[in-house]
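Subject: Structure handover

Hello,

Here is the structure we talked about. Please open it alongside this note; my findings follow below.

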Amino acid sequence: MVVKAIYKFVDWVLQLDTSGSPPIFEMKCDAVSGAFEDPAPAQNWALKHAGREGHTLFQAVNLSYFRATAVGETW
């Protein structure tokens with residue numbers, strides 16, 4: 001038995017996909033801002049939290065979805 005294989009290589013591109021959920025933004029330290037579709041409310045929360053609690057280091061969390069798509073020739 002002879003096995004033959006044909007390999008075909010295509011380029012792929014990764015793009016932000018907003019067709020489903022929009023990006024979600026949060027700020028964290030010992031507390032969490034809550035999830036927002038716009039970064040401004042999370043940033044405002046961090047500034048207010050800094051003023052109230054004295055915390056100055058925050059982690060910015062951005063949850064986004066990306067879709068991989070083949071570019072060029074397909075089967």
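The buried residues of α1 pack against β2. This is a predicted model, so please read everything below as computed from it. Which residues of α1 are buried? They are Ala42, Trp45, Ala46 and His49. Viewed along the axis of α1, they fall within an arc of 100°, so they line one face of the helix. The face turned away from that buried side carries Leu47, Lys48 and Gly51, which are exposed.

Just after α1 comes Gly54, with a positive phi of about 80°.

Next, the loop between β2 and α1. β2 covers 24-28 and α1 covers 39-53, and Ser33 sits in the loop between them. Is Ser33 buried or exposed? Its relative accessible area is 11%, under the 20% cut-off, so Ser33 counts as buried. Setting aside residues up to four places away in sequence, Ser33 touches Glu26, Met27, Ala42 and Trp45. Two of these names come back from the helix: Ala42 and Trp45 are among the buried residues of α1.

Cys29 belongs to that loop between β2 and α1 as well. Cys29 is partly exposed, with a relative accessible area of 29%. Beyond its neighbours within four places in sequence, Cys29 is in contact with Trp45, His49, His55, Leu57 and Phe58. Trp45 and His49 are again buried residues of α1. Take His55 from the contact list: Cys29 and His55 are 26 residues apart in sequence, yet their C-alpha atoms are 7.6 Å apart in space.

What is the C-alpha to C-alpha distance between Gln59 and Cys29? It is 6.3 Å, for a pair 30 residues apart in sequence. Gln59 is found in β3, residues 59-63. Gln59 is partly exposed, at 47% relative accessible area. Leaving out neighbours within four places in sequence, Gln59 is in contact with Glu26, Met27 and Lys28. Glu26 and Met27 are also touched by Ser33.

Now the charges. How many salt bridges are there? The count comes to one. The side chains of Arg67 and Asp17 meet in it, at 2.7 Å from N to O. Arg67 lies in strand β4 (residues 66-71) and Asp17 in the loop between β1 and β2, so the pair ties together parts that are 50 residues apart in sequence. Asp17 is buried, with a relative accessible area of 14%.

Last, the surface. Leu14, Leu16 and Phe66 make a nonpolar surface patch of about 340 Å². Leu14 is placed in strand β1, residues 11-16.

To recap for your first look: start with α1 and its packing against β2. Then follow Cys29 to His55 and to Gln59. Finish with the salt bridge between Arg67 and Asp17 and the patch of Leu14, Leu16 and Phe66.

Best wishes

Key:
Residues are numbered from 1 along each chain as its sequence is written. This is a predicted model: local features need pLDDT of at least 70, side-chain atom pairs count only at pLDDT 80 or more; totals for chains, interfaces and linings use all residues. Side-chain values use heavy atoms; hydrogens and water are left out. Patches are made of residues with over 30% relative accessible area and no salt bridge: like charges are joined within 9 Å, nonpolar side chains (Val, Leu, Ile, Met, Phe, Trp, Tyr) within 5 Å. Accessible areas come from the Shrake-Rupley method with a 1.4 Å probe; for residues, only the protein chains shown count as cover. A salt bridge is a side-chain nitrogen of Lys or Arg within 4 Å of a carboxyl oxygen of Asp or Glu. Helices (H or I, at least four residues) and strands (E, at least two) are DSSP runs, numbered from the N terminus. Buried means under 20% relative accessible area, exposed over 50%, partly exposed in between (1.4 Å probe, protein chains only). Contact means heavy atoms within 4.5 Å. The arc is that of the directions from the helix axis to the C-beta atoms.
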